[in-house]
Amino acid sequence: MKRVPAARLEWQECRRDGTGSRMVRFESVGLRYGRAGQADPEVLHDLSFAIPEGGFRWLLGPSGAGKTSLLRLMYLAVRPTRGRLSILGADIERAERRALPGLRRRIGVVFQDFRLLGHLSAYDNVALPLRLAGRPEGQIRADVMEMLRWVGLLDKLAQRPAQLSGGEQQRVAIARAVICRPRLLLADEPTGNLDEVQAERLMQLLKEMNRIGTTVVVATHNDAMVARHVARSLRLDHGRLVSA
Ligand SMILES: Nc1ncnc2c1ncn2[C@@H]1O[C@H](COP(=O)(O)OP(=O)(O)O)[C@@H](O)[C@H]1O
Ligand SMILES: [Mg+2]
């Protein structure tokens, strides 16, 4: 198995500000999809748990259990229907709408389907969050090159996603998710499209992020991976937390 290159992760955060020691806190959170006034069934029920800053959690459960929905709550794509949710020390129900983009910028998300921009090179996909944050190009270049080196894709930086393997696309997605040095990194079944060697390499990257202080949550079906990398887990079944 190829060794992950020794990381020297010294790039800068897009934003700096302090957070409490509780990175994520759910209190009796429920979620239902659908428009206001419609009685769609709840997909998450009475979730209560907390993840401290710097923690690592597996998010486990069968398909349809609510893993993706729980991650959406954590990256503020949906709001809880009931209960209290605090992310990065901010109370989400009380947070003003204009505070949410700032919070989101400090959360890195690796989507199951990558969501890379097909017309951009690997380099430009990874650079995108820095450009959106208004960083000068010179500084962007240094950070992007370091990230691409870290994920082992320096030789592929000019390729578009369609010219990359699934594992390479996944590594671009990781590099883009962590380029702003998020405080919270969420990955939704990130090994779903990868072979075992690539999946293991991806795990090393996620663990390295965790080692340098990022709080990490990884939804997965990959039992072998969970057995190899022992960590605490949140287990969902039919929208309920069955162990935390
Ligand atoms: N956008 C949506 N609108 C309505 N129902 C949804 C939506 N997304 C997911 N669901 C429902 O929520 C439940 C949990 O789904 P999901 O969070 O995707 O589970 P998992 O990621 O564990 O497979 C499922 O019953 C699913 O059909
Ligand atoms: Mg899912």
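Predicted model: local features only at pLDDT ≥ 70, side-chain atom pairs only at ≥ 80, totals over all residues.

Strands β3 and β8 run parallel and are joined by 4 bridges. Within this pairing, R57 has V217 of β8 as its bridge partner.

**The six-stranded sheet**

- The sheet is open and has 6 strands in the order β6-β7-β8-β3-β9-β10, with mixed pairing.
- Its edge strands are β6 (107-110) and β10 (240-243), each of which pairs on one side only.
- On average, neighbouring strands of this sheet are turned by 20° against each other, direction ignored.
- Strand β3 (residues 56-60) also runs parallel to strand β9 (residues 232-237), and 4 bridges join them; L59 stands opposite L234 in β9.
- β7 pairs with β8 in the parallel sense over 5 bridges, and L184 stands opposite T215 in β8.
- From β7 the chain passes through α6 to reach β8, forming a right-handed β-α-β crossover.

**Burial of strand β8**

- Because 5 of the 5 residues of β8 are buried, this strand is largely enclosed by the rest of the structure.
- T215, V217 and A219 point one way from β8, while V216 and V218 point the other way; all are buried.

- Helix α6 (residues 196-211) lies across β3, β7 and β8, and it runs at about 155° to β8.
- Helix α1 packs on this sheet as well, touching β3, β7 (184-188), β8 (215-219) and β9.
- The direction of α1 makes about 155° with that of β8.

**The four-stranded sheet**

- A further open sheet is formed by 4 strands in the order β2-β1-β4-β5, with antiparallel pairing.
- β2 (42-52) and β5 (90-91) stand at the edges with a single partner strand each, so one side of each is left without a neighbour in the sheet.
- Strand β4 (residues 82-87) and β5 run antiparallel and are joined by 2 bridges; S86 stands opposite D91 in β5.
- Helix α1 lies across β1 (22-32), β2 and β4, running at about 125° to β1.

**The surroundings of ligand 1**

- Ligand 1 is surrounded by Y33, V43, G61, S63, G64, A65, G66, K67, T68 and S69.
- By class, the residues of this shell divide into 3 nonpolar, 6 polar and 1 charged.
- Helix α1 (residues 67-74) gives the most to the shell, with 3 residues.

- In helix α3 (residues 122-132), the buried residues are A122, Y123, N125, V126, A127, P129 and L130.
- An α-helix has 3.6 residues a turn, so residues three or four places apart point the same way.
- After α3 comes G134, whose phi is positive, near 80°.

Methods
Residues numbered from 1 in each chain as written. Chains lettered and ligands numbered in written order. Near = placed C-beta within 6 Å. Nonpolar A, V, L, I, M, F, W, Y, C, P; charged D, E, K, R; others polar. Pairing = 2+ DSSP bridges. Axes fitted to C-alpha atoms, helices over the stretch in contact; angles between N-to-C directions. Contact = placed C-beta atoms within 7 Å. Buried ≥ 20, exposed ≤ 12 C-beta atoms within 10 Å, placed from the backbone. Right-handed = clockwise from strand over helix to strand, strands pointing away.
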